[in-house]
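Me: I would like a close look at a single part of this model: the interface. Please walk me through it step by step.

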Amino acid sequence: MSPTFEFDGAEIAARDGQTIAGALIASGRASWRTAAGAERGVFCGIGICQDCTVTVNGAAGVRACLRTACDGDVVEPESR
Amino acid sequence: MSRRHVVVLGAGPAGLAAAVAALEAGARVTVLDEGERLGGQYWRHHEAITDRRLQHGWERFERSRDRIAAGIAEGRAVLLQRAAVWRVDVEPLRLHALVGKPDAPGRRRVVVRGDALVLATGAHDRALPIPGWTLPGVTTAGAAQALAKRDGVTVGTRTLVAGAGPFLLPVAQSLAIAGARVVEVLEASRLPRHAAGWTARPWELAAAAGKGLELAEYARSLLGQRTPYRTGSGVVRILGERRVEAAVVARLDRAWRPIPGTEREVACDSVALGHGFTPRLDAAIQAGCALTEAPPGSPRFVVADPDQRTSVDGVWAAGEITGIGGADAALAEGDLAGRSAAGTPHAALAAARRRRDRTDAFARRLEAHAIQDGWSSWLEDDTLVCRCESVEAAAIVRASGSASRALRLATRAGLGACQGRTCGSSVEALCGERLGLDARPLLAPMRIGELLGGSEATA
């Protein structure tokens, strides 16, 4: 089954097993965080750089490139 | 038969080979890995998504995975996946981990005890700072590879692949298979014909540990796409407002300084950067393992003896943390480390040592791609070097010469969320000194409450 999650108010359909980052990219997004006023997205893709972090179900600092998207997840962009 | 309990940290090629070898030698084995699936970066995959054309040596992976599954069925192996190991103690040997969904609250606290530890923590891409490199659409080469393999996506549709080393070729191939157009592959090194490194066409090297064949496949795939492969060239600036719109490419001299007058603009919506690899040394440093010496900004590696033993009793090391050598070297080193850690005597390891030594040739060829000092001349004063804390190059150069602590406090370079993993080597290169950014008290990101709270279960 393909999970659907909420991102910043939009419904995102992920392929089963896709990471949150993979699903956001597949939805046409390249960035989902701001740092010092500039946009950031995936950089290292393997959990090293912390550039792609999102808030998932209220918990901040989740690396979108590592976290598999689950049905019903509520994902929010971050800024720092 | 061995009665030892061998703990393996990392389940890429080196860690899997170590685990299988230790099981074969009769040991009990516990493998800890941060990923959801075995395989590390080299065999990163998802059963439902990954295109099999992106995998190499897959049969070896399946055999290793199946051998570990058999070990679990026999009651001799334990596998802890999604395990963020945050502390390694060596006397006595104890690994502390949080197990559960990445970065989720409420992960299980676990402690693993054992008689011997094999460190196989691998490496991540090193990308040099470039003006514009924080724009969305710029990723490391490894990220492009990971997204293509694990998620079946590409960040853009027209991608420039740039950096140094033969690993750019499989990345270009993965991007192409995943649906992007690779506009050019740029290799910063000049690769002189008479040097000890590659020939002008890197895929024509003799079949060093099987790499020749693999690289020839990549070359054919690039030719099929009509993708130019240019040596002595690099990306010196990335342009765009809210995301990548183009990149400025220049010829580079032998020191990697851009040659004035050779700049040209290339239209692209994504750039994949890989200037080499940074070994993931945190666990080895915390365990107290001796490292090789290297100038600031160049990678150090774990010192290993002929049987892959580190300077610390009961701790072995295998794979990229002992020197960047690719998957074949990692497999051979892991095999040797696993046998030795299980208690197989030195005299009985001659064949395993010979298999390991045969992979040295490929590792030596990689030296022709080492980062050269002239890269800093493509920085602008306002180029962000530390991405986490948005620290500009000029601030780091201004503060260089201060003591390490003063520099870090004045600029905050290396003190952000990634703890200097991304910028550390570049900051050290710009300052001309080692700052000790890689001696980290915590090996994985965790919440204060996770550090303080709760009892640890024994795995």
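Reply: Chain A has 80 residues, and a compact globule of that length would have a radius of gyration near 12 Å; the value for chain A is 11 Å, so the two agree. The radius is taken over C-alpha atoms, and the globule rule is 2.2 Å times the number of residues to the power 0.38. The model is predicted: local features need pLDDT of at least 70, side-chain atom pairs count only at pLDDT 80 or more, and totals for chains, interfaces and linings use all residues. Residues are numbered from 1 along each chain as its sequence is written, chains are lettered from A and ligands numbered from 1 in the order in which they are written, and side-chain values use heavy atoms, with hydrogens and water left out.

The C-alpha trace of chain A spans about 35 × 25 × 25 Å along its principal axes. Its secondary structure comes to 1 helix and 8 strands. From the N terminus the order is β-β-α-β-β-β-β-β-β. Helices (H or I, at least four residues) and strands (E, at least two) are DSSP runs, numbered from the N terminus. Ala36(A) sits in the loop between strand S3 (33-35) and S4 of chain A. Its phi is positive, about 50°, although Ala36(A) is not a glycine. Most residues other than glycine have a negative phi.

Now the partner. Chain B holds 13 helices and 21 strands. It divides into domain 1 (5-124 + 278-365), domain 2 (127-275) and domain 3 (372-459); these bounds come from an automatic or database domain assignment.

Next, the interface itself. 33 residues of chain A are in contact (heavy atoms within 4.5 Å) with 42 residues of chain B. Together the chains bury about 3200 Å², 55% of it on carbon and sulfur atoms. On the chain A side, Phe43(A), Ile46(A) and Ile48(A) lose the most area to chain B, together 23% of what that side buries. Buried area is the accessible area (1.4 Å probe) that two parts lose on being put together, summed over both.

Charges also meet here. There are 3 salt bridges between chain A and chain B, each a side-chain nitrogen of Lys or Arg within 4 Å of a carboxyl oxygen of Asp or Glu. Glu39(A) and Arg242(B) form a salt bridge through their side chains (2.4 Å, N to O).

Which elements of chain A give two or more residues to the side that touches chain B? They are helix H1 (20-26), strand S4 (38-40) and strand S6 (59-63). S6(A) gives the most, with 5 residues. By type, the residues of this side divide into 16 nonpolar, 9 polar and 8 charged. Here Ala, Val, Leu, Ile, Met, Phe, Trp, Tyr, Cys and Pro count as nonpolar, Asp, Glu, Lys and Arg as charged, and the others, Gly among them, as polar.
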